[in-house]
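Please keep the viewer open and go through the points in order.

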Amino acid sequence: MDPSSVKIPPMLDLTADNITPNTLLINSQCPDKRFKYLMAQLVTHLHDFARETRLTTDEWMSAIQFLTATGQKCSSTRQEFILLSDTLGLSMLVDAMNHPKPPGATEGTVLGPFHTDDAIVYEEGASICSEGKGEPMLVQCTLRDTLGNPVVGATIDVWETDDTGHYDTQYEGREGPDCRGILRSTEEGFAFKAVRPVSYPVPTDGPVGDMLKKLKRHAFRPSHMHFKINAPGFDELVTALYIRGDPYETSDAVFGVKSSLITDLNKISDTKISDALCAAKYGIKPGDWLLCKDFVLTTNEQNSQLRVKAAEAALRKLGSRAKLVDGLPVADDLD
């Protein structure tokens with residue numbers, strides 16, 4: 001950028017008292033009103049945090065080193081920054097704000113750091129897990145809109161750990177996806193075979209693990225299975241099903257559990273006709289596990305209306321002067 005083409009506000013003798021308005025001033029020429037607003041709020045809250053806590057130079061450097069180490073721990077199969085966001089409750093907050101649900105719709109939860117884009121598309125009733133990965137389980141689900149109509153042709157991305165509590169990406173020499181797959185919905189919904197979920201600790205061999213130890217927090221997540229559901233005209237649903245009775249049900253390390261997502265896990269009976277028909281159809285046997293769920297999607301229009309309504313209420317509560325553009329706040333007092 002040619003410095004002569006930019007009008008730089010004059011700044012002299014910057015102090016702890018005037019550094020914030022000067023930083024806002026020099027950032028105020030950004031033509032993107034949303035980005036300008038985000039940066040203004042970031043600078044304001046960041047500076048206020050430093051002032052309120054009387055942040056020391058050593059603490060500032062420790063934070064820089066922590067963030068550096070977090071980035072260095074990331075790879076193509078591990079996202080330490082998402083794990084950091086999850087353990088600080090930020091991921092749940094962002095999901096709740098961006099994907100509000102009307103009554104009856106399935107609630108969302110954290111994506112987590114272990115989703116990949118290389119899952120295989122499976123036929124109805126196929127197993128997403130290789131042999132020996134855990135106790136066999138059939139998953140049977142319906143997929144509907146809030147009016148009760150079936151949602152056909154949706155893409156359902158699912159992933160889980162094996163019985164040792166590890167995702168496939170945590171193994172050295174990973175050759176391909178395992179315990180993960182993609183399904184398509186029909187009028188009846190979708191079904192696939194997997195293994196019984198188990199509780200497990202999030203990775204603790206990085207900076208996020210060090211943070212949890214320093215905070216005297218445990219690193220465990222309750223047993224669950226992830227779902228990422230997309231269908232034309234509907235808001236993307238990123239959610240998970242949690243197995244009722246897990247010891248970490250009320251202390252999830254990443255704050256992901258919601259009461260509506262806690263699900264009973266039952267065994268397939270050799271005395272029920274419905275179970276017998278199910279076993280014959282999917283090639284399972286009595287004693288295997290059965291997980292059932294009725295998923296309900298929210299339309300894009302429903303999501304947009306709910307997001308705008310919630311944003312308006314939040315701005316009023318904060319006493320903010322920001323205005324909404326395309327459902328997102330931008331400042332009208334920074335020009």
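How do the residues of the lining of the largest pocket divide into nonpolar, polar and charged? The answer is in point 2, after a word on the model.

1. This is a predicted model, in which local features need pLDDT of at least 70 and side-chain atom pairs count only at pLDDT 80 or more, while totals for chains, interfaces and linings use all residues. Residues are numbered from 1 along each chain as its sequence is written, and side-chain values use heavy atoms, with hydrogens and water left out.

2. Start with the largest pocket. Its lining divides into 23 nonpolar, 7 polar and 4 charged residues. (Ala, Val, Leu, Ile, Met, Phe, Trp, Tyr, Cys and Pro count as nonpolar, Asp, Glu, Lys and Arg as charged, and the others, Gly among them, as polar.) Of the 34 lining residues, R34, Y37, L38, M97 and P329 lie nearest the centre of the pocket. A pocket here is an open set of points on a 1 Å grid over the protein atoms alone, where a 1.4 Å probe fits and protein lies on both sides within 12 Å along at least five of seven lines; lining residues have an atom within 4 Å of a point.

3. The volume of the largest pocket is about 1,200 Å³, a volume being the space filled by probe spheres set on the grid points. Helix 2 (33-53) is among the elements that supply at least two residues of this lining, as are helix 5 (90-98), helix 8 (300-318) and strand 13 (328-330). The largest share, 9 residues, comes from helix 2. Helices (H or I, at least four residues) and strands (E, at least two) are DSSP runs, numbered from the N terminus.

4. Next, look at the second largest pocket, with a volume of about 480 Å³. It has 13 lining residues, and F49, E59, S62, A63 and I64 lie nearest its centre. Helix 2 and helix 3 (57-73) are the elements that give two or more residues to this lining, and helix 3 gives the most, with 7 residues.

5. In the model, residues 32-106 are 73% helix and 0% strand, with the end C-alpha atoms 35 Å apart.

6. Now for the strands, which pair if DSSP finds at least two bridges between them. Strand 1 (residues 136-145) pairs with strand 4 (residues 190-195) in the antiparallel sense over 6 bridges, and L138 has K193 as its bridge partner in strand 4. Strand 1 also pairs with strand 11 (residues 289-297), in the parallel sense over 9 bridges; here C141 stands opposite K293.

7. An open sheet of 5 strands has the order 3-2-7-8-9 and mixed pairing. Strand 3 (180-184) and strand 9 (262-263) are at its edges with a single partner strand each, so one side of each has no neighbour in the sheet. Strand 2 (residues 155-159) runs antiparallel to strand 3, joined by 5 bridges, with D157 opposite I182.

8. Finally, the cysteines. How many disulfides does a search of the whole structure find? It finds 0, a disulfide being a pair of cysteine sulfur atoms within 2.5 Å. The sulfur of C129 is 3.5 Å from its closest cysteine sulfur, in C179, which is too far for a bond.
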